[in-house]
Amino acid sequence: MTDVIDSLVGIAPGSRLDAIRAQRSEARKHAQASYTSLFEPADLAGVSADERHAIAAFVAGLHGEPKTDAFYATKLPAALRAAVAAEVAAARTKGPYGHFPKGPLSVEDAPGPSWKVSDAGRAALGPRLSAAFAHTHMLVFHPRDASAPSLQSLLDAGWSTNDIVTISQLVSFLSYQIRVVSGLTVLASTL
Amino acid sequence: MSTDKTLTPPPHTEPVVFTRDMLDWLPWLEPMAEADMTEHHIKSLVDAARVKSPYFRLLARDPDVLEARTRTDKDIFYNPEAGLPRAERELAAAATSRLNGCIYCASVHARFAATYSKRVDDVQRLLDEGVEAKLDERWEAIVAASVALTALPMTFGKEHVERLRAVGLDDAAIADLIGAASFFNWANRLMLSLGVPATQAK
């Protein structure tokens, strides 16, 4: 199957970047395997395909990297896609912000909002995805504010521990994939 | 409603500064019990010794993703062929972790950066003062590029590539830097959100 990062950056076989990525063939192969395991797993377990793609589209929208944004958004049914886009528009901000453990680093505290899905978004997304989006916003923009209660809010919304591991990996993997796509796109433009 | 619960870690001291000391990590969600792990779960750890780590036993709940994550990580950081020297891949990981605020990840990769570069004082200055610390032009260019890839909105642009080339990085080295900084945006989020670091008893 097509390598998603190559495809989004536009890396053609035989190109300079193709040769550079080939020097890290395991990283290339397993970044793709990460994508496959998250979006086309043998067993979706407790997180449905639409839920996975909705969270991914939200992460990509928050990052504003146009190619990954379009890639994940087009995998959603139209109504869900519109609901995600509306939340993205309301949720985009600057990061990373957040608090450090109380002490010498407190002078570096950069407080910011704990974002929540709008009422209209909640109606469209349902309680599970609404809770997942609030957690995702924290992971994307202010991960150092993470706490056990934010995990509890996911459990309260009906996600299991296994589901939370999958969702956490999904958001975190996207945080990697989007930056690689963005970074390699810039590098390619200078070659 | 899930019947699963978050965990309350045992009494511990949370580190309140960035450090090169060895730290522990205490999970907020239940790791898999060793006895419940199948061959598939064990294989996902890649290194069998990681069965002792609560972090990896928690991530083993989604084994295929864990295995792919770990093999991506190892190639970005350990593959010795060409590209960016190991010390500077670790520097990018430490700078990313410093900016995101992952005290645990920063401790591990600052130790590696110091070990491989022998520039203990510079690494410690990055931890103490943050990503604006005075280092030297090459290291400052690497830190600035890591910051530009990490902060949102992302600002990484041609000027960062040009600055990296001016201090001697070739295209493969720049691609390694992109890989290392990007990967720590993955790792930091898992470490920060699934548990808490703790100082080790001396």
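User: How many helices and strands does chain B have?
Analyst: In this predicted model, chain B has 9 helices and 2 strands.

User: And in what order do the elements of chain B run from the N terminus on?
Analyst: They go β-α-α-α-α-α-α-α-α-α-β.

User: What share of chain B counts as buried?
Analyst: 48% of its 202 residues. As for contacts in chain B with a separation of 6 or more, 65% come from residues 24 or more positions apart.

User: Switching to the interface. How many residues of chain B are in contact with chain A?
Analyst: 57 residues of chain B, and they touch 60 residues of chain A.

User: Which elements give two or more residues to that side of chain B?
Analyst: Helix 2 (54-59), helix 3 (63-78), helix 4 (86-100), helix 8 (158-166) and helix 9 (171-194) of chain B.

User: Which one gives the most?
Analyst: Helix 9 of chain B, with 17 residues.

User: What classes of residue are on that side?
Analyst: The side of chain B that touches chain A has 29 nonpolar, 14 polar and 14 charged residues.

User: Helix 4 of chain B next. At what angle does it pack with helix 7 of chain B?
Analyst: About 50 degrees, with the axes 9 Å apart; helix 7 of chain B covers residues 137-150. That angle makes helix 4 of chain B oblique to helix 7 of chain B. The crossing of these two helices is right-handed.

User: Which residues make the contact?
Analyst: From helix 4 of chain B, they include B:Glu88, B:Leu91, B:Ala92 and B:Leu99. From helix 7 of chain B, they include B:Trp139, B:Ile142 and B:Val147. By class, this contact has 8 nonpolar, 4 polar and 1 charged residues.

User: Over to chain A. How do helix 7 and helix 8 of chain A cross?
Analyst: The axes of helix 7 (residues 119-141) and helix 8 (residues 148-156) of chain A come within 9 Å and cross at roughly 160 degrees. Angles over 145 degrees count as roughly antiparallel, which makes helix 7 of chain A roughly antiparallel to helix 8 of chain A. Helix 7 of chain A passes helix 8 of chain A in a left-handed crossing.

User: Which residues make that contact?
Analyst: A:Ala131, A:Ala132, A:His135 and A:Met138 of helix 7 of chain A, with A:Ser150, A:Ser153 and A:Leu154 of helix 8 of chain A. That contact has 4 nonpolar, 3 polar and no charged residues.

Key: Residues are numbered from 1 along each chain as its sequence is written. Chains are lettered from A and ligands numbered from 1 in the order in which they are written. This is a predicted model: local features need pLDDT of at least 70, side-chain atom pairs count only at pLDDT 80 or more; totals for chains, interfaces and linings use all residues. Two residues are in contact if their C-beta atoms, placed from the backbone, lie within 7 Å. Helices (H or I, at least four residues) and strands (E, at least two) are DSSP runs, numbered from the N terminus. Ala, Val, Leu, Ile, Met, Phe, Trp, Tyr, Cys and Pro count as nonpolar, Asp, Glu, Lys and Arg as charged, and the others, Gly among them, as polar. A residue is buried if 20 or more other C-beta atoms lie within 10 Å of its own, exposed if 12 or fewer, and partly exposed in between; C-beta atoms are placed from the backbone. Axes are lines fitted to C-alpha atoms, for helices over the stretch in contact, and angles run from 0 to 180 degrees between N-to-C directions. Angles under 35 degrees count as roughly parallel, over 145 as roughly antiparallel, 65 to 115 as roughly perpendicular and the rest as oblique. A crossing is left-handed if the near helix is turned anticlockwise from the far one by less than a right angle, and right-handed if clockwise.
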